Amino acid sequence: MPRSLGLLVLLASTSPALAQSRVLVKLNLVATDSKGAPVTDLRASDIRIREDGGPRPPVFFRLAGSKPEMAQPGMNEFVNRPAPPVTVVLLDRWNESETTLASAWQDVSAAVARLENVDRLYIYYLANHGELVPVRALPGVETDLRVPEPQPASALVAKLNQSVRALNGLRDTANLDPLERANKTMQALGIVGRMGAIAGPKNLIWVTHGFPIQVLSLQQQWVDYTGPLMGLAQLAVRSQVAIYTVDQSAEGAGANPAGLSRQTLELVAAQTGGRWFSSGRAADALSAAAKDARGSYQLAYLPLMTAKGAKEQKLRVESTRKGVHLLTRAGFTGDEATADPDEIADDVFARQIHSPFEATEIGLRVVRTAKPAAVHLDIHVDPADIFLARSGGRFQGSLSLKFALYADGTYEDAPPAIRQDIDFTQEQYDSAMKIGIVIARDVELTDKIQQVRVMVFDRAIQGLGSVTVPVK
């Protein structure tokens, strides 16, 4: 985004009914070429969406991965540069057979050891009593802005090995009950909801023996887990988590020749926009997740139907460009977020206030100017990252803006959020697309405050951007 002042939007402005009232289906999309390399130059015109066979044109499309190199910020300027997505590895001992435990553990350890950077990698171990044990835990909801010192991959591998050795032993007798085994697994997979507290797309690598979609109980009754698995997938989609499954039962020692768990793992991967891998390929799963992030896009379209709780709608997304393969979730169930945008914004802001990571779905550049007992901020918003609906020759959208105040990285206060409506003429829109949008705001400060986190939320597409600005 250019560093020029841009198109100034007055905070007091208002506009007619805006596009955020129209329910959108939002998709995270990965584009690769015939060799599996990320494709980073797609346009909306290259995309074809079909919902239950009916064509739906995209109304929003942006590259979320490898963006062009951003200009270095100047004096008193601060930006939120795109960063690799947060990834969680779940090593599943609870569902592993005795013959595959060692190979799965060694596979994950070797894969992590080869990584150059593990700053955004977290590892959990589903242990032999069904408990979810953190090797390196996700940031908690009360985390402040002080990010822990980065550690080398070797240190993380050592912690993983120590955890596995300490908890390696006979499994709980409850593991003999197929229903208990499946239920505890589903409970552990609820970690995708905790991952949702971190803004933007994320990945879960589940290394497991898995469990069948249809489970025969000890009372010889069949229980179908399709519903709970689809519920998990919907939670993952809402949390922007793609699940990559590594099926340790697919081949080699301890293989399940009937492949009863493969259907479960393929379903979860397909419904969340992840991938399924065969046994011993944890390194491939981590590599694929990293490559997918570089070729990732976000798009949205207006669905054929919007009735809440309706049946599952099948999605098919293709590119008209030869040799381009697209990966996204396989459908949605008509329960796309329809809550009050103010409530959604409040929830998103509440999580981001305590996140150690900046949100980068909306590109921001903030220029700081000191004032007595306040700071003046010119907030440059990248218009390519927000939803502007075309209506009657005008371009309309709506943002929510919030400031969080910190003392030495610890949260102190946050004034109420401000709604910012946008209503551009064609000329204003063309200018904004070239030089950006700027929102000017003064934030009052006390002597105690040392940082201000600027947060901008798109009320229609539900994207978030944040930048933390030092004021002392």
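1. Strand pairing at E25. In this predicted model, Ala 374 has Glu 444 in E25 as its bridge partner. Strand E20 and strand E25 (residues 437-444) run antiparallel and are joined by eight bridges.

2. The other neighbour. Strand E19 (residues 364-371) also runs antiparallel to E20, again with eight bridges. Here Ala 370 sits opposite Val 375 of E20. E19 and E20 make a hairpin with two residues between them. Ala 373, in the turn, has a positive phi of about 60 degrees.

3. Burial of E20. Eight of the eight residues in E20 (residues 374-381) are buried, so the strand is largely enclosed by the rest of the structure. In a regular strand, side chains alternate between the two faces of the sheet. Ala 374, His 376, Asp 378 and His 380 point one way from E20. Val 375, Leu 377, Ile 379 and Val 381 point the other way.

4. A salt bridge across the sequence. Arg 453 pairs with Glu 358, with the closest N and O atoms 3.5 Å apart. Arg 453 is in strand E26 (residues 451-458) and Glu 358 is in the loop between helix H8 (341-353) and E19, so the pair ties together parts 95 residues apart in sequence. Arg 453 counts as buried at 1% relative accessibility; Glu 358 is partly exposed at 28%.

5. A salt bridge within a helix. Arg 262 and Glu 266 meet at 2.8 Å, N to O. They are four residues apart in helix H6 (residues 262-272), which means a separation of about one helical turn. Arg 262 is partly exposed at 37% relative accessible area, and Glu 266 is partly exposed at 32%.

6. Salt-bridge total. The count is 15. Asp 41, Asp 46 and Arg 321 are linked in a network.

Note on methods
Residues are numbered from 1 along each chain as its sequence is written. This is a predicted model: local features need pLDDT of at least 70, side-chain atom pairs count only at pLDDT 80 or more; totals for chains, interfaces and linings use all residues. Side-chain values use heavy atoms; hydrogens and water are left out. Buried means under 20% relative accessible area, exposed over 50%, partly exposed in between (1.4 Å probe, protein chains only). Two strands pair if DSSP finds at least two bridges between them. A salt bridge is a side-chain nitrogen of Lys or Arg within 4 Å of a carboxyl oxygen of Asp or Glu.
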